[in-house]
Amino acid sequence: LATATTTTRPYAPSPLVRARRWFGAFRRRETWVAYAFLSPWLFGFIVLTSGPMIASLVLSFTDYSIISPTHNVGLQNYRDLYNDPKVANALRNVAFYTALHVPGVMLVSLGLAMLLARVGRKLGGIFRTIFYLPVMTPKVAVGVLFLFLFNGTTGLINRALALIHISGPYWTTDPHWIKPGLVIMSLWAVGTNVIIYLAALQSVPKHLYEAAAMDGAGSFRRFWDVTVPMISPALFFTFIVLTINALQTFDEVYTAFYNEGVAGGSSGGPDAARFPVIYLFQQAFGFFHLGYASAIAWMLFGVIAAVTVVQILVSRRFIYYEGNKR
Amino acid sequence: MILTGPWKRIAVVAALAALVAALAGTINARAGSKSSKAGTLNIMGFGTGDDVAQNRAAIATKALAGTTIHNPNGAFNDQQFLAAVASGSPPDLVYLDRQKVGTYAAKGAFQPLNTCIKSQKINTKQYRKAALSEVTYKGKIYGIPEFYSVRTIIVDLDVINEAKVKLADLNTANWPKLKQATKKLAKVSGGKVTRIGFDPKIDASFGFPLWAKANGATLITKDGLHAKLNSKRAIQALEYAVSLIKLQGGWNEFKSFRDSWDFFGAGNEYAKNQAGAFPIEDFYFAVLARTSPQVKIHTLPFNTRDGKVISMESGSAWAIPKGSKNAKAACTWAKVMTATSSWMDAARKRAAARKAAHDVYTPLSTGNAVADARIYKQTYSPINKYFDQGVKVVQQAKQHSFYIPASPASAEFQTAYVDAVGRVLAGQQSPKAALNQAQKEAQSAINKAK
């Protein structure tokens with residue numbers, strides 16, 4: 001796919017030179033215009049994202065509860081995190097969920113996108129809309145729907161399984177089946193990824209398939225050696241985004257298991273469905289431990305950052321960008 | 001000094017930013033001044049609600065003639081309240097679950113109402129003792145009780161007749177007999193539950209306190225500072241309630257079947273004979289009366305093991321946050337909303353409206369004992385023998401209700417025991433281990449909060 005050439009190490013300017021260039025750019029009118037266009041996002045980022053983030057970092061070292069006097073507690077919140085079995089439980093739950101959810105969504109999305117790529121334009125448009133519609137469903141509704149569809153006695157999923165003589169598990173009550181059930185439910189909204197993969201598949205040059213076919217490559221070989229490398233940037237992008245989103249799962253699980261009144265009047269949620277953001281929410285707005293909740297948020301941020309860095313480092317070997325010398 | 005080039009542009013951008021900030025500040029200040037203006041009452045957590053709320057709100061608004069009432073829709077939300085407190089503009093009055101009042105009081109977010117009660121001459125004797133005690137923390141009253149909910153056992157007569165079980169067998173005072181009756185009433189075949197015999201409701205927030213109290217256990221001391229979740233009697237109560245569920249197919253099967261009920265619909269579990277009996281809040285009579293008035297039910301009180309009637313109460317209250325800018329109007333509002341005459345007016349209007357619509361009317365259940373007695377006597381017209389008997393039992397249960405004392409960590413306390421029950425039902429822990437853990441969690445939370 002790419003030819004090796006002699007490469008020379010590109011010139012890398014020093015930070016001082018780069019800083020001078022950056023400031024120097026402000027002499028040009030275009031720079032100001034560019035920043036003017038960027039300003040709404042910059043304002044939002046500084047005021048609504050980075051500001052609260054810095055504030056929460058500071059709060060994570062306090063016993064802040066809004067309604068009581070605040071004291072500096074040093075690293076105590078982080079020590080408590082380490083010793084809190086519910087934090088460990090929440091991290092185990094979300095790791096399990098993410099490990100099933102991310103590949104599950106990627107495989108289903110890719111499969112659907114490949115099917116869509118084969119149908120004509122008119123039909124493709126209809127199916128694209130159908131696949132995308134569930135994305136528009138509020139996550140709260142998805143949480144309630146989960147309880148109906150996955151009910152062990154009357155749910156549609158178990159009824160469908162019964163048709164092929166499989167006795168379905170108790171998805172909503174058995175701790176061993178709650179997370180797999182949630183993963184299956186999450187496959188309901190794969191529309192966004194389908195669209196991304198479809199766009200990537202449509203941009204693969206036809207002549208590559210023709211060349212591969214002429215070389216005697218079968219359909220799997222063409223998929224593995226042509227399609228996958230060519231759409232690898234899209235796969236990588238969704239891999240990162242899906243992982244980050246999965247680690248922050250909240251709405252649908254909270255609605256299904258932690259919202260009093262939904263699950264027949266039970267007011268507690270099962271340990272198996274306690275995810276980090278749910279525990280964070282309970283601590284912050286149920287118990288008013290906003291300092292501790294901030295520490296949980298920063299722990300989760302650290303986990304997400306570490307996972308993302310590992311993903312980027314590992315994925316570098318497998319991603320092919322057109323024009324790259326690889 | 002004349003600025004040129006980039007410095008001129010920087011100055012222009014800085015000036016614009018300052019202007020935007022100043023404008024934002026002005027708008028914010030104006031918004032703030034609107035709410036702080038004398039003669040305005042900002043209420044949080046009440047909204048316009050149903051006819052009973054609207055009718056009483058109209059009376060309270062009249063009593064506060066000249067005061068602008070801001071009463072946006074939506075139930076009390078801790079997140080919203082904390083945000084308002086953090087911004088320095090707490091509401092003047094809040095309407096919330098009584099269980100939360102103690103926690104906010106302990107954290108200094110609410111003001112004691114002793115002055116309000118004294119200055120407005122509020123007759124605290126009219127309120128139910130349990131309700132008033134629930135909003136009392138360290139000897140000071142922090143809330144004015146409004147609604148009042150109690151739990152009784154509703155029995156499906158068709159189901160017990162079919163299973164040849166007597167009403168006396170469902171007496172919670174006699175645990176072995178109740179177990180036998182539960183077994184007879186439940187229908188479990190091939191691992192699937194098709195009828196629940198007796199649901200102890202142990203997973204509901206009221207379930208464990210009710211069974212524990214019936215077995216002579218108190219879960220928290222009166223001062224709300226010492227949890228007693230793992231006493232021998234509390235463990236025994238949990239063991240027994242869980243054993244009833246195990247008899248009926250086990251938790252997974254039991255709950256899955258229960259979740260499939262059309263609880264608020266015409267095809268509810270009593271209409272479809274899917275349940276023998278279970279304890280439930282009194283609001284459910286109104287649901288059954290409206291959706292399936294044909295059901296043949298009988299109501300039993302929840303009894304202690306020595307045969308005394310008990311019921312756990314819960315409900316809502318009015319509280320005045322610290323920093324309220326119109327505490328006087330807030331106090332008047334709370335007084336008028338919970339006054340006997342206001343309740344009577346709302347009850348009469350509802351009864352008349354329901355009668356005109358040929359709809360069923362069940363009496364209101366309020367935290368005002370005087371109002372309740374009058375409402376029952378003056379507005380209630382018999383529905384049928386099944387519901388009339390139930391309504392009567394509810395009135396009696398109100399006399400024997402207990403409450404969970406206000407604690408500085410009410411939410412953590414409740415979460416600790418509800419989670420413990422959940423772990424036992426899921427088969428993750430024994431009742432003893434689960435309650436030991438709950439005790440540790442609850443006491444640690446109380447110690448941190450007090």
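These legends describe close-up views of a predicted model.

View 1. The model holds 2 cavities of 30 Å³ or more. Three elements of chain A each give two or more residues to its lining: helix 6 (139–149), helix 8 (175–186) and helix 12 (251–258).

**View 2. Residues lining the second largest cavity.** Chain A supplies Tyr97 (A:Tyr97), along with A:Val142, A:Gly143 and A:Phe146. A:Leu182, A:Met185 and A:Ser186 also line the space. A:Thr249, A:Glu252 and A:Val253 complete the list. By class, the lining has 6 nonpolar, 3 polar and 1 charged residues.

**View 3. The interface of chain B with chain A.** Here 38 residues of chain B contact 37 residues of chain A. The two chains bury about 3,200 Å² between them. Carbon and sulfur atoms carry 56% of that area.

**View 4. Salt bridges and polar contacts between the chains.** There are 3 salt bridges between chain B and chain A. One of them joins the side chains of A:Lys86 and B:Asp419, at 3.4 Å from N to O. Polar contacts link 9 residue pairs across the interface, with both residues at pLDDT 80 or more.

**View 5. The side of chain B that touches chain A.** Elements with at least two residues on this side are helix 1 (5–36), helix 3 (78–86), helix 4 (98–106), helix 11 (251–259), helix 17 (410–425) and helix 18 (431–449) of chain B. This side has 15 charged, 13 nonpolar and 10 polar residues.

Terms used. Residues are numbered from 1 along each chain as its sequence is written. Chains are lettered from A and ligands numbered from 1 in the order in which they are written. This is a predicted model: local features need pLDDT of at least 70, side-chain atom pairs count only at pLDDT 80 or more; totals for chains, interfaces and linings use all residues. Side-chain values use heavy atoms; hydrogens and water are left out. On a 1 Å grid over the protein atoms alone, a cavity is a set of points where a 1.4 Å probe fits but cannot get out, and a pocket is an open set with protein on both sides within 12 Å along at least five of seven lines; lining residues have an atom within 4 Å of a point. Grid points are joined across faces, edges and corners, and a volume is the space filled by probe spheres set on the points. Helices (H or I, at least four residues) and strands (E, at least two) are DSSP runs, numbered from the N terminus. Ala, Val, Leu, Ile, Met, Phe, Trp, Tyr, Cys and Pro count as nonpolar, Asp, Glu, Lys and Arg as charged, and the others, Gly among them, as polar. Contact means heavy atoms within 4.5 Å. Buried area is the accessible area (1.4 Å probe) that two parts lose on being put together, summed over both. A salt bridge is a side-chain nitrogen of Lys or Arg within 4 Å of a carboxyl oxygen of Asp or Glu. A polar contact is a pair of N or O atoms within 3.5 Å; within protein, one must be able to donate a hydrogen and the other to accept it, and residues adjacent in sequence count only if both atoms are side-chain atoms.
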